[in-house]
Structures are given as structure tokens and as C-alpha cells.
Amino acid sequence: MENKVTPKGTAQLTVNGQTHDLPILGGSIGPDVIDIRTLYKNTGMFTYDPGFTSTASCESTITYIDGDEGTLLYRGYPIDQLAENASFIEVAYLLLHGELPTTQDLHDFDWTIRRHTMLHDQFDAFFRGFRRDAHPMAIMVGSVGALSAFYHDSTDVNDLRAREISAHRMIAKMPTIASRAYKYSIGQPFVSPRNELDYASNFLRMCFAVPAEDYVVSKTLARAMDKIFILHADHEQNASTSTVRLAGSSGANPFACIASGIASLWGPAHGGANEAALNMLAEIGSVDRIPEYISKAKDKNDPFRLMGFGHRVYKNYDPRAKVMRETCHEVLDALDVRDEPLLAVAMELEKIALEDPYFVEKKLYPNIDFYSGITLKAMGFPTEMFTVLFALARTVGWIAQWGEMIEDPSQKIGRPRQAFTGSPIRDFVPLDKR
Ligand code: CMC
């Protein structure tokens, strides 16, 4: 990848009476950046930005978000247009290659992914090492990392073809691993992939078929699953993607890097939020208890937050939430579960929060996780699987971002600095003198 940020002027920074010029660089859209790479060398100072709220850590051409406008673009295409018109495999190609595939490209890519769905036979034995009650995300972190032990012929990060093969392997095998994580936790035999099925249908079948009875995949549910995968496929430099890039910046192999992304995604402030949102709806239980929970969320002394509300970047309606809301209703209609009590709580909570001055002033809108939890539950997934499905879809984005980082000529090992506030140097005190 060729660096494309262009000079747009200079910013002046005065430190201890001395003024330093810092280049301002611009991308194609979005905020310009101040290039501070020489700051430490010239001033002996670091910048301080916990949580990276004002720091661009890389140049990227993959995903663009305008949080104030509520815009999300993959390679320039709006997320709602992709969700409406493309398949997940088409979107995966777009994220990886930068352009929508031609008919032939799509056919070839789809064929390749379908032919990488099986796992090494010994991998199944590997699963048996986990406890049955293990959280499926624990199994995902462990087993995706373990792919590097099974497929070490594609771990050379400097070899383009090896990078491609590892990408195809992960995209293709993730549904097989995710469904096995689920089957293992419920004590059912693993269901092998069927390569004549499309990506989403194959995954649903591997989750819900049993040897005694096949699972006939509904077109509505398969399309909903595919849309959920599209909506979750990438989200620029979020915590898990930055984790993947940071892990990869040392030259670590792609399977290990994606495992690190899964670990980061697991947290309730990130990918775990849809599970947390559904648990919260269950805890609220009925519409008449909503005001009590709204007060808790507003109380500064109460750590409770409305899960599925708010976003670090979107200070407007999350564009993914709009599509997810529609998909949620389609699934509930198809399954005829309109009177689901959690849904009644969710709809009322959404209404109240969108009108409440606390949420309006802080621009706390429902995010994608608010609706995805309800949809996935209706489809038959237990809450523990929600983040697993997110990880499955986000794998494509992680791989695209990881590949972009490897090809970036300005790439260096990630090494943040710190403002040290611990003890200055002191002499060791022997045990009997403490
Ligand atoms: N409920 C109640 N108050 C909230 C909430 C919430 N869900 N989210 C933020 N606030 C308040 C917060 O207390 C703070 O108030 P004040 O300014 O008075 O101190 C203000 O809004 C700003 O919050 P913040 O924590 O500074 O915002 P952030 O950008 O650091 O946090 C967030 C973003 C997503 C972590 C947060 O909104 C949150 O915890 N939401 C619930 C968890 C959730 O749904 N996460 C999924 C995010 S979407 C999936 C993804 O992309 O990974």
C-alpha cells in the first residue's frame, strides 16, 4: 500500500517558549491529522491521550465513519446499500480487495471460501480439551489461536500468497469453529459443513442441525444472518481492530493476531454489549420497571448503564442500528414471535430513552447491539453465542486491516508511551525491614 496522506499545512506548538512546526496531513474525507512523529525528538515530550480519543494510529482506506452524521462506509459504499444489495461474501471481497467483485471474481472467491470450510481432523480432538461449560468465546480465543498450530504453512506474514491463504482459511473456518463452540457447549455432535450451501445457511445448519434431524434453513433467517454478518464486518480502528493491528505490528502470525482481536471483542463495552443488552432486558423484565432502570442509568453514583445505548464514535443514530432494527422486525415476523416480552421491553425502552433529556443531550442513541441481541435470541442462539457471531463476522475486517498494516510502508511496531506517576528510584528494602 502506498501512503496517500497529503500535506495540508503546518500547526505550531509552543513548548517552553520554543515553537515547533508540525505538519498537518489530510486524507480523502474526515478530520485532518497533526503529524507528531518528531515531537519527542524535538521537545522531549509525549502526547497524552488515554483511550486514543484524538489519536489516529494509522492510515487506512478500508472503512470510514462519520459519527456526527451517522455514516458508515466500507470502501466508500454506505452500509445500508451493502446490507440491502450485497451478500456477506461479496462484502468480504470488497473489504479485502478494495473493489466490488465482478461476477467471475465473486464466483472464484466464493468457491475458494466454500472449499476451506473443513477443519483438520485433530482439531475436533482439540475441542474436547475444553470444559463443557466453557463460554464459547473462551473456546473461540483458544481455538482460533490454535489454528496457527494446525496451519503453519500459511503463517509467513511476508509472503503475499501465505497471507491470502490464511485469510481464506480463517473466513471459511470461522463458521465451522463457531458452530462447534456452540455444539460442544450443549453436548451435541459436531455437524460438518455442506459446501453447496451459502455462507450464512451453512453456518445456521451447522448450529441447528442434529444427526437425527436436518435443519431446513429458512431464506428469511439466512438473509437476516447474512445481513448481521455484513453489519458487523468492519468498524475502522475500534478496540479489537487496534488490538489486531498492534499484535500484528510485531510480525506475529495472522491466526494469533485474530485471536487477540477476539479477546478484545469479548469485553462488555465492545462486542459483549449485545449479550449484556439482552441480559439487561431480561433483568428489567417488564415495561413497568423501565423508569426504575432509566433512573439508575442517570444516577452518577450508580455504575449501571443502559446496555446497547451510546457509542464512542456515533453521536447520532448508529446507521447499523437502523438496518438491524428492520432486520429484527423481519425475523420476528417470520418466526411469529411478536409477543416476545423482551421485545415489548426493548421497544418501550427505546421510545423512552430517545425522548429523555439525559439521553438526548448526551446523544445516547440505541446502537447495533440493542437490536442484534433480540434478533439472535429469536433465531435460536443463546446469549453466550452473540459475541461469537460478532467475532465471526468481524474476522473479515480484522484480516483486511491486518493485511493493510503489513503492506503499509510507514508501519512500525506499535509502542505507546506513558506518563509515569509511580515511585521514582528507591533502594530495595529487605523483607525483615518492611
Ligand atoms: N447509559 C447511561 N449513560 C451513559 C451510557 C449508557 N449506556 N453511555 C454513556 N453514558 C454517559 C456517561 O455516563 C457519560 O456521562 P457524563 O458525561 O455525565 O460523565 C457520557 O454519557 C459520555 O460517556 P462516555 O463513557 O464518556 O462515552 P464513551 O465514548 O467513553 O463510551 C460506550 C462509549 C459505548 C463505552 C458507552 O456509551 C457504554 O458503555 N455503552 C453501553 C455499552 C454498549 O452498548 N457498548 C456497545 C458499543 S457498540 C458496539 C461496538 O461498536 O463495539
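User: Which helices each supply at least two residues of the lining of the largest cavity?

Analyst: Rolling a probe the size of a water molecule over the atoms shows where empty space is left. Here, helix H4 (103-114), helix H7 and helix H8 (199-208) each supply at least two residues of that lining. Helices (H or I, at least four residues) and strands (E, at least two) are DSSP runs, numbered from the N terminus. A cavity, on a 1 Å grid over the protein atoms alone, is a set of points where a 1.4 Å probe fits but cannot get out; lining residues have an atom within 4 Å of a point. The model is predicted: local features need pLDDT of at least 70, side-chain atom pairs count only at pLDDT 80 or more, and totals for chains, interfaces and linings use all residues. Residues are numbered from 1 along each chain as its sequence is written, and side-chain values use heavy atoms, with hydrogens and water left out.

User: What is the volume of the largest cavity, and which residues are closest to its centre?

Analyst: Its volume is about 100 Å³, where a volume is the space filled by probe spheres set on the grid points, joined across faces, edges and corners. Of the 14 lining residues, Ile-113, Thr-117, Asp-198, Tyr-199 and Asn-202 are the closest to the centre. H8 contributes the largest share, four residues.

User: Which residues line the second largest cavity?

Analyst: The lining consists of Ile-228, His-232, Asn-274, Ser-372, Leu-376, Phe-386, Leu-389 and Phe-390, around about 40 Å³ of space. Five are nonpolar, three polar and none charged (Ala, Val, Leu, Ile, Met, Phe, Trp, Tyr, Cys and Pro count as nonpolar, Asp, Glu, Lys and Arg as charged, the others, Gly among them, as polar). The largest share, three residues, comes from H18.

User: Which helix gives the most to the lining of the second largest pocket?

Analyst: A pocket is an open set of points with protein on both sides within 12 Å along at least five of seven lines. In the second largest pocket, H18 gives the most, with six residues. The pocket has a volume of about 480 Å³ and 20 lining residues, with Leu-96, His-97, Gly-403, Glu-404 and Glu-407 nearest its centre.

User: In what order do the three strands of the open sheet lie?

Analyst: Strands of a sheet pair through backbone hydrogen bonds, either parallel or antiparallel. Here the order is E4-E5-E6, with antiparallel pairing; two strands pair if DSSP finds at least two bridges between them. Strand E4 (63-66) and strand E6 (77-78) are the edge strands, each pairing on one side only. Strand E5 (residues 71-74) and E6 pair over two bridges, and Tyr-74 stands opposite Tyr-77 in E6.
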